[in-house]
Amino acid sequence: VNDVKSDSGVFAAETIDANSLTIPLMSPTEYRILLKVCENSQRMAEFSKCYTGEIDLSLNKKYVHLEDTYAKMLRGAQVQKFYITDEISQGDILYLDDKLYLKENDTPRSKHHNEKRIVMQGITGVNEKYRLKMALAEEGIFCANSVNYLLCGDKTEYFLGLLNSHLLNWFFAKLSTNSNVNGYEVDNIPIKIADSETISVVENQVALLLANPKDVNALEELNRLVYQIYDLTDEEQEVVEQRYY
């Protein structure tokens, strides 16, 4: 491990994953890109811990109902890239007796529904192009434990753009070895904060994608901006883009 160093002289394993010292299997070119993405980046956990949905479908089943007269609750299958759907192939759309739940549960997580959240699928197939599938959940929506989420404050749309990008999906896939989208793996994702002008442009593209997730031009522009933020060359971008051909 100690023989592998980044350009700055820091041990590569520590640069990529200081907690687990993960060394992924990949080509030397991919490894250099991985290091480049990580160096001089902060980690997602510095902005928001990744939480598991507050409603455990086993332990909290007395609050869960099928009637839409109750509060909206998300399951993992409902969360897609930039949108939430009620059309799922397996299982039912579930709702929460929020009044009873909040009466009997007074914890910090029980209050997270009061904030806008980045929500994500808790399980995605290891061979899927997109391991990170994230959308926005507005205030008042609860999350089942098949959903993970982040609380990102005034940069919520910016972080959503980064995390749904080709580059950070590629990064996640290189380090994740099973179908779980584990909180500690999301916590480890390298994040770069761009200048205010670039942040605004990213947020504009995200707004377009939230309105129309199939907006190809907005997605291409978002990916271009993220590559720019992480300073990838054209050749490095081509290596990453091979995953999406």
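**Salt bridges and positive phi values in a predicted model**

Student: Which side chains does Arg224 meet in a salt bridge, and what is the N to O distance?

Tutor: In this predicted model, the side chain of Arg224 meets that of Glu221 in a salt bridge, at 2.7 Å from N to O. Both residues lie in helix H8, 3 residues apart, which is about one turn of the helix. Arg224 counts as partly exposed at 40% relative accessibility, and Glu221 counts as partly exposed at 23%.

Student: How many salt bridges does the count come to?

Tutor: The count comes to 9 salt bridges. Among them is the one between Glu236 and Lys36, whose closest N and O atoms are 2.9 Å apart. That pair links distant parts of the chain, since Glu236 is in helix H9 and Lys36 is in helix H2 (residues 28-38), 200 residues apart.

Student: And Glu236, buried or exposed?

Tutor: Glu236 counts as buried, because its relative accessibility is 16%, whereas Lys36 counts as partly exposed at 23%.

Student: Changing topic, what is phi of Phe82, and where does that residue lie?

Tutor: Phi of Phe82 is near 75°, a positive value in a residue other than glycine, and Phe82 lies in the loop between strand E5 (79-80) and strand E6 (83-84). Phe82 counts as buried, at 3% relative accessibility.

Student: What about phi of Asp231?

Tutor: Phi of Asp231 is near 60°, again a positive value in a residue other than glycine. Asp231 lies in the loop between helix H8 (216-229) and helix H9 (234-241), and Asp231 is exposed, with a relative accessible area of 53%.

How values were computed
Residues are numbered from 1 along each chain as its sequence is written. This is a predicted model: local features need pLDDT of at least 70, side-chain atom pairs count only at pLDDT 80 or more; totals for chains, interfaces and linings use all residues. Side-chain values use heavy atoms; hydrogens and water are left out. Helices (H or I, at least four residues) and strands (E, at least two) are DSSP runs, numbered from the N terminus. Buried means under 20% relative accessible area, exposed over 50%, partly exposed in between (1.4 Å probe, protein chains only). A salt bridge is a side-chain nitrogen of Lys or Arg within 4 Å of a carboxyl oxygen of Asp or Glu.
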